[in-house]
Amino acid sequence: VDRDELLAASPHFAAFLGAADASHARRKPGGVGRGRSKKPRKTRKRVAEGEAGRKMGDANLAYSTSDFPRAIELLQEVIRLLPNNPDAYQTLGAIYEETGNERKALDFLMIAAHLEPKDAAQWYRLAEMSNAQKNPRQALYCLEQALKADPDDDNNRWDQANLYVEIGEPKKAIEHLDALRKKLRDNADVVVELARVYHSVGNAERAETTLDDFMQMHGGAHVTPTLVNILAELKMEAGRFEETVTLIEASADRIKELAEEQRASERAEEATAVAREVQHAARERGASENDAAQEAAAAAEEAIAAAVRAARTPADIPLDLTVRLGMALLYLDRAAEAKTHLQKLRNASVEGHEDLWMDAAETCWATGQTADAEVMYTALMRSSELYDQPAIWVKVADCISRRILESSADATFTRAAAIDGAIEFYRAVLSRHPDSVQAKLPLAEGLPNVGGCGG
């Protein structure tokens with residue numbers, strides 16, 4: 001077989017032999033360089049690929065033996081030969097990551113990702129690395145690339161929304177959350193987060209509507225305590241107290257069911273842990289597998305029974321919802337019902353519930369329940385210096401005065417007693433804050449505005 005005919009008929013073979021390319025037999029006569037054989041690009045690429053492949057293998061070997069300087073040198077050679085091959089960049093990134101140079105690792109891995117843009121998992125990893133390096137905007141860029149590669153990744157949109165909130169771009173967060181809401185129509189977490197972002201940009205009405213719409217379409221099975229609590233808070237802010245009460249009372253049974261399910265899950269986890277310990281101890285002392293398993297089962301059963309006994313009372317709605325319900329009832333002049341719910345707060349420690357105590361105290365003060373307000377404000381002041389402040393001192397002094405004024409029909413006597421009570425309170429404040437002008441001033445002025453609490 002004539003060599004030229006073989007090369008003309010088989011361009012791939014021609015490339016392999018390093019001869020002419022597919023146009024070898026069709027070169028225009030009389031052209032520049034006629035009679036000279038040009039090395040085809042495919043040949044150069046094949047040679048480069050062969051050399052690069054060998055160097056890449058040597059680099060991987062050096063990397064596996066932790067000879068990082070040698071591996072880096074070889075990988076740089078691979079990049080010189082094949083600058084668009086992502087493998088070398090990925091391995092360089094792995095080396096720099098292993099040696100603690102996170103910034104350089106991210107740079108090389110970013111190049112690799114651009115060479116393989118459809119690899120969503122790689123973009124997602126780069127987003128995590130960017131976040132770890134406190135670079136949320138670069139993380140967002142990586143997440144955007146990942147979403148292009150995998151448009152159905154709901155977690156990606158969720159992560160982007162959270163990052164946009166973090167960097168102060170709520171409108172972008174709303175775009176992603178709204179897309180998720182339309183797709184995951186029965187997901188309460190999405191609408192709760194969307195409502196939070198709406199509220200953060202001052203659109204409380206849209207936040208409330210978003211949650212209301214969800215409750216109307218997917219209430220019941222999909223309700224969550226967090227959703228109800230946020231919606232109740234929004235309704236309270238808007239002065240819709242009757243709606244607040246209706247919402248909490250209508251959701252209470254489902255929320256209690258969820259609480260019982262959570263208790264059962266926690267009991268099961270605890271029982272499983274106990275069973276493992278008992279089974280391990282039985283094996284250690286030489287018990288058979290059957291005996292060890294029986295002991296473990298009995299221990300698990302007893303652990304569950306003990307947890308049930310310890311619970312004593314059925315699950316209730318969360319304390320924050322109980323307090324919210326009590327506050328709404330106060331605004332509706334249903335004080336007797338309200339106090340039943342607020343008593344649960346007073347039975348709880350102030351520590352860890354400071355915000356609830358403050359909200360309840362403010363509501364009691366605003367609705368004229370000054371005795372309860374005084375108790376709650378005083379408990380807050382004793383719990384933390386954060387609440388032992390002039391704004392609260394004024395209200396407590398007024399509550400003390402009002403309590404004394406209402407204790408007797410003798411106006412002259414009770415007014416003098418009220419002034420004395422407020423003075424004693426401010427003296428106690430001054431003993432804690434001897435340099436406070438706000439504590440000294442009411443004493444110096446003789447408390448002229450006694451009895452103004454709650455209006």
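F425 touches M381, W393, V396, A397 and I400, where touching means heavy atoms within 4.5 Å and residues up to four places away in sequence are not counted. The model is predicted, so that local features need pLDDT of at least 70 and side-chain atom pairs count only at pLDDT 80 or more, while totals for chains, interfaces and linings use all residues. Residues are numbered from 1 along each chain as its sequence is written, and side-chain values use heavy atoms, with hydrogens and water left out.

**Nonpolar cores**

- F425 is also, together with L126, L211 and L227, one of the residues with the most contacts inside the largest nonpolar core, which has 104 residues; a nonpolar core is a set of buried Ala, Val, Leu, Ile, Met, Phe, Trp, Tyr and Cys residues joined through side-chain atoms within 4.5 Å.
- Helix α4 gives the most to this core, with eight residues; helices are DSSP runs (H or I, at least four residues), numbered from the N terminus.
- A second, separate core of five residues includes A271, A296, A300 and A303.

**Helix α7 and its surroundings**

- Helix α7 (residues 120–132) has 13 residues and reaches 19 Å from its first C-alpha to its last, close to the 18 Å expected at 1.5 Å a residue, the expected span being 1.5 Å times one less than the number of residues.
- The buried residues of α7 are A120, Q122, W123, Y124, L126, A127, M129 and S130, with buried meaning under 20% relative accessible area, exposed over 50% and partly exposed in between (1.4 Å probe, protein chains only).
- These buried residues of α7 pack against α5 (86–98), α6 (102–115), α8 and α9 (154–166).
- In helix α8 (residues 136–149) lies Q145, which is buried with a relative accessible area of 14% and, leaving aside its neighbours within four places in sequence, is in contact with P117 and W123.

**The α12 and α13 pair**

- Helix α12 (residues 204–218) and helix α13 (residues 225–237) pack at an angle of about 135°, with their axes 10 Å apart; the axes are lines fitted to C-alpha atoms over the stretch in contact, and angles run from 0 to 180 degrees between N-to-C directions.
- The two helices α12 and α13 are therefore oblique to each other, given that angles under 35 degrees count as roughly parallel, over 145 as roughly antiparallel, 65 to 115 as roughly perpendicular and the rest as oblique.
- On the α12 side the contact is made by A204, A207, E208, L211, D212, F214 and M215, and on the α13 side by L227, I230, L231, L234 and K235.

**I174 in helix α10**

- I174, in helix α10 (residues 170–183), is buried with a relative accessible area of 14%.
- Apart from neighbours within four places in sequence, I174 is in contact with L194, V197 and Y198, and the C-alpha atoms of I174 and V197, 23 residues apart along the chain, are separated by 6.9 Å.

**Positive phi angles**

- Most residues other than glycine have a negative phi.
- S66, although not a glycine, has a positive phi of about 65°; S66 is placed in the loop between α3 (41–64) and α4 (68–81) and is partly exposed, with a relative accessible area of 46%.
- D333, likewise not a glycine, has a positive phi of about 60°; D333 is found in the loop between α16 (319–331) and α17 (335–346) and counts as exposed at 71% relative accessibility.
- Helix α7 is followed by K134, whose phi is positive, near 60°.
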